[in-house]
Amino acid sequence: MPRTTRSGPAITVAGLTKTYRTRDREVRALDGIDLEVEAGTVMGLLGPNGAGKSTTVKILTTLARADSGTATVAGHDVAREAAAVRRAIGYVSQKPGFDPIGTGKENLVLAGRVYGMPARGARARADELLERFGLTEAGRRLARTWSGGMQRKLDVAMSLMHRPQVLFLDEPTTGLDPQARADMWAEIERLAADGLTVLLTTHYLEEADHLAQQLVIVDQGRVVVSGTPDGLKRSLSGDAISVSLAERDDLPRAYGALAGLDGVTELARDLDTLRARVDDGALALPRVMGTLDAAGVRLAAVTVSRPSLDDVYLRYAGRTFAAEVAA
Ligand code: ADP
């Protein structure tokens, strides 16, 4: 069945609120979340522990109900059309969802049957997915004998049996070694290239940077900032251009030339290197190099670097990510 090619948002969230009430306290988990995920893109949902990420995902996957606000997934309202939403989504939770004493193929077929697929169709789809994920051989063995990376792929494959339009991935690479993580990234990229919409929650900023076209950082039940990874990094303090000179003696001349250049907001020097802060490194670089060339300065190397997502996270979530993960 061809996937819908309709463009527009695959997920819309407007003013979602949710308060958990326990016997002795109330926790406002969501305090008016708004977001939108364009069809066929990967959105990264980030935020410190307790920010409201899981609650948002639970509401979008119909596992919890909001107190107020609206949300649609694949064009269906999560509260009024929960069954249609469930048919349109795949959900891979942090906890393994496969049965370790079933083979890979048995797990896939069972997942398909749970979604109401006929046995034959489920078997054919299972074979297709095993092949797609490079698990055809392993598919005959019990899942408990598989590596951690293969088991995660099995969880993802199980969520894809019924050909969902939107996939929710909760921390998909937590606990995987670097090679398995890289493999999983490649799989997620491939799924997005095929038109699947992915909402990814992750603790790895590098992962969000690599995979997501859009990021949303939530804190205390609200969206504190959203944008593209590059846009968010740029919003901080511009880029750094570092220029190493071939001749140290050129330093004063080079400094003088760059000091007057439009768009250079800071300039620092050490022995044979100048560091300039600019609003947009890619735009400023040709001007910087042209100016130095006109001043007769010979260059050994030039690099442009951007603030990292760690810097963005620190600014908007108020803590470093390292402190967060250690907490
Ligand atoms: P995150 O996924 O970003 O870590 P959660 O959505 O799990 O955040 O939690 C948001 C807030 O709601 C936290 O303060 C958390 O303690 C609280 N919370 C989450 N689930 C429950 C629950 N079932 N009962 C009571 N409080 C909850």
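User: In which strand does Asp239 lie?

Analyst: The structure is a predicted model. The strand that holds Asp239 spans residues 239-245. In the numbering of strands, the one in which Asp239 lies is β11.

User: Is Asp239 buried or exposed?

Analyst: Residues that Asp239 touches, beyond those up to four places away in sequence, include Arg234, Ala276, Arg277, Val278, Val304 and Pro307. Buried means under 20% relative accessible area. Because the relative accessibility of Asp239 is 0%, this residue counts as buried.

User: The backbone nitrogen of which residue lies 2.6 Å from a polar atom of the Asp239 side chain?

Analyst: Among the residues that Asp239 touches are Asp279, Asp280, Gly281 and Ala282. The cut-off for a polar contact is 3.5 Å between N or O atoms. The backbone nitrogen at 2.6 Å from a polar atom of the Asp239 side chain belongs to Gly281.

User: What domains does the domain assignment give, and how far apart are their C-alpha centres?

Analyst: According to the domain assignment, domain 1 covers 9-232 and domain 2 covers 236-326. Their contact takes 18 residues from domain 1 and 12 residues from domain 2. The distance between the C-alpha centres of domain 1 and domain 2 is 39 Å.

User: How many salt bridges are counted between domain 1 and domain 2, and what area do the two bury between them?

Analyst: The size of an interface is often given as the accessible area lost when the parts come together. Of the area buried between domain 1 and domain 2, 66% is on carbon and sulfur atoms. The salt bridges between the two domains number 0, and the buried area is about 1,200 Å².

User: Which elements each supply at least two residues of the side of domain 1 that touches domain 2?

Analyst: By class, this side of domain 1 has 11 nonpolar, 4 polar and 3 charged residues. The elements that each supply at least two residues there are α7 (205-211), β9 (214-219), β10 (222-227) and α8 (229-237).

User: Where is Asn107, and is this residue buried or exposed?

Analyst: The place of Asn107 is helix α3, residues 104-114. Beyond its neighbours within four places in sequence, Asn107 is in contact with Phe98, Asp99, Gly102, Ala143, Leu154 and Met158.

User: What covers the buried residues of α3?

Analyst: The buried residues of α3 are Gly104, Asn107, Leu108, Val109, Ala111 and Gly112. Following α3 is Gly116, which has a positive phi near 85°. The cover over the buried residues of α3 includes α4 (119-132) and α5 (148-160).

User: Where does Glu171 lie, and what is its phi?

Analyst: Glu171 lies in the loop between β7 (166-170) and α6 (178-193). Its relative accessibility is 6%, so Glu171 counts as buried. Although Glu171 is not a glycine, its phi is positive, about 50°.

User: How many helices and strands are there in the protein, and what percentage of its residues are buried?

Analyst: The C-alpha atoms of the protein fill a box of roughly 75 × 50 × 40 Å along the principal axes. The protein has 12 helices and 14 strands. Of its 327 residues, the buried ones make up 46%.

Note on methods: Residues are numbered from 1 along each chain as its sequence is written. This is a predicted model: local features need pLDDT of at least 70, side-chain atom pairs count only at pLDDT 80 or more; totals for chains, interfaces and linings use all residues. Side-chain values use heavy atoms; hydrogens and water are left out. Domain bounds come from an automatic or database domain assignment. Contact means heavy atoms within 4.5 Å. Buried area is the accessible area (1.4 Å probe) that two parts lose on being put together, summed over both. A salt bridge is a side-chain nitrogen of Lys or Arg within 4 Å of a carboxyl oxygen of Asp or Glu. Helices (H or I, at least four residues) and strands (E, at least two) are DSSP runs, numbered from the N terminus. Ala, Val, Leu, Ile, Met, Phe, Trp, Tyr, Cys and Pro count as nonpolar, Asp, Glu, Lys and Arg as charged, and the others, Gly among them, as polar. Buried means under 20% relative accessible area, exposed over 50%, partly exposed in between (1.4 Å probe, protein chains only). A polar contact is a pair of N or O atoms within 3.5 Å; within protein, one must be able to donate a hydrogen and the other to accept it, and residues adjacent in sequence count only if both atoms are side-chain atoms.
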